[in-house]
Each structure stands twice: as C-alpha cells, then as structure tokens.
Amino acid sequence: MAKMSLDDLRKLRDEKKNDLRKRDAEGKEIQVIVGMGTCGLASGAKRTMDALLAEIDACKQLVDTVVVRQTGCMGLCHSEPTAEVIVPGMPSVIYGNVDEATAKEIIHKHIIGRELLGDGRILDRPAADIINA
C-alpha cells in the first residue's frame, strides 16, 4: 500500500464524513429506501443506489434533508430495482424498474419538484380519492 500524505488523509476523512452524513437519518424528513434484496441486487439496485447518492451530491441542498437507505426484498421482485420515496405532504410511493435515469428523475421531479412520476412506474400508492382529499 502506498503511503498517504496528511492532505490525502484529510481528503479521505472529509469524503467519508460526507458519505456518513448522507446516510444519517436524524433530522431528515425525506427518505428514499432502495430494495437491496437478492432480486434487487441482481437487477441493478447497487447502480440505482449509487445514482441516487450521486444526484443528491450534485444537488448540495439535499444532502441535509434527504436520507437514502437500503432494505431487503419489498416483495416486488418482478419490478426490481424498487425504491420507496417518502416526502412529507405527499403520498408514500414505491417506484419499480428504477434505473439510473429514473433515480435522477425521482430526485428532480418527485423530491425537488413535488410531482409523482408517471408512465406506470408507480407500483404502490394510496388510492386516487385519498390523494385528492
């Protein structure tokens, strides 16, 4: 292993602190939960998780308000990778077939724009009469 300079160590420490900050749930109201069971991982859930985290990094204002977590199988194996999105004032929804492009859409349209994604990507949400109430 190559020797690291003090500046390299400081940079590494700051990167790891930032990574931990993104996973810290305390004080964060918005949650994105990625299904990372065997079926999810086989379908690309790791790439989905990485895309979500990268997009949150790119939108600096979200780092302290959004937590990205992982869970086991959500029972929706036919639509993996899946991601549940919980935003206050909106219905909690589970999106299916969440690839890298959809992950970016979730961040920009759902979380920032407060708009549900269409095109049949929502697998589970409250009934329409509850949403309109």
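Which side chains meet in a salt bridge at 2.8 Å, N to O? In this predicted model, the pair is lysine 46 and aspartate 50. Both residues lie in helix H3. They sit 4 residues apart, about one turn of the helix. Lysine 46 is partly exposed, with a relative accessible area of 47%. Aspartate 50 is partly exposed as well, at 36%.

The overall layout comes next. The protein has 5 helices and 5 strands. From the N terminus on, the order of elements is α-β-α-α-β-β-β-α-β-α. The C-alpha atoms fill a box of roughly 60 × 30 × 25 Å along the principal axes. Of the 133 residues, 37% are buried. Among contacts with a separation of 6 or more, 64% join residues 24 or more positions apart.

The interior was examined through its nonpolar residues. In soluble globular proteins, nonpolar side chains tend to be buried together. Here the largest nonpolar core holds 28 residues, and Val66, Val68, Tyr95 and Ile111 touch the most other members. Six elements are listed as suppliers of at least two residues each: strands S1 (30-35), S2 (66-71), S3 (83-86) and S4 (93-95), and helices H3 (45-58) and H4 (100-112). Helix H3 gives the largest share of this core, 6 residues. Isoleucine 111 shows how chain segments come together. Leaving aside neighbours within four places in sequence, isoleucine 111 is in contact with Ile30, Val32, Leu62, Val66, Val85, Val87 and Ile106.

The surface also carries nonpolar groups. The protein exposes about 7,800 Å², and carbon and sulfur atoms supply 51% of this area. Met4, Leu6, Leu9 and Leu12 make a nonpolar surface patch of about 340 Å². Leucine 12 lies in helix H1 (residues 6-23).

Charged pairs complete the picture. Side chains of opposite charge can pair when their charged atoms come close. The structure holds 7 salt bridges. In one of them, glutamate 100 meets arginine 47 at 3.5 Å, N to O. This pair links distant parts of the chain: glutamate 100 belongs to helix H4 and arginine 47 to helix H3, 53 residues apart. Glutamate 100 is partly exposed, at 34%. Aspartate 119 forms another bridge, with arginine 121, the closest N and O atoms being 3.5 Å apart. Aspartate 119 is exposed, at 73%, whereas arginine 121 counts as buried, at 15%. Salt bridges with shared partners join Glu105, Lys109, Asp119 and Arg121 into one network.

Terms used
Residues are numbered from 1 along each chain as its sequence is written. This is a predicted model: local features need pLDDT of at least 70, side-chain atom pairs count only at pLDDT 80 or more; totals for chains, interfaces and linings use all residues. Side-chain values use heavy atoms; hydrogens and water are left out. Patches are made of residues with over 30% relative accessible area and no salt bridge: like charges are joined within 9 Å, nonpolar side chains (Val, Leu, Ile, Met, Phe, Trp, Tyr) within 5 Å. Accessible areas come from the Shrake-Rupley method with a 1.4 Å probe; for residues, only the protein chains shown count as cover. A salt bridge is a side-chain nitrogen of Lys or Arg within 4 Å of a carboxyl oxygen of Asp or Glu. A nonpolar core is a set of buried Ala, Val, Leu, Ile, Met, Phe, Trp, Tyr and Cys residues joined through side-chain atoms within 4.5 Å. Buried means under 20% relative accessible area, exposed over 50%, partly exposed in between (1.4 Å probe, protein chains only). Contact means heavy atoms within 4.5 Å.
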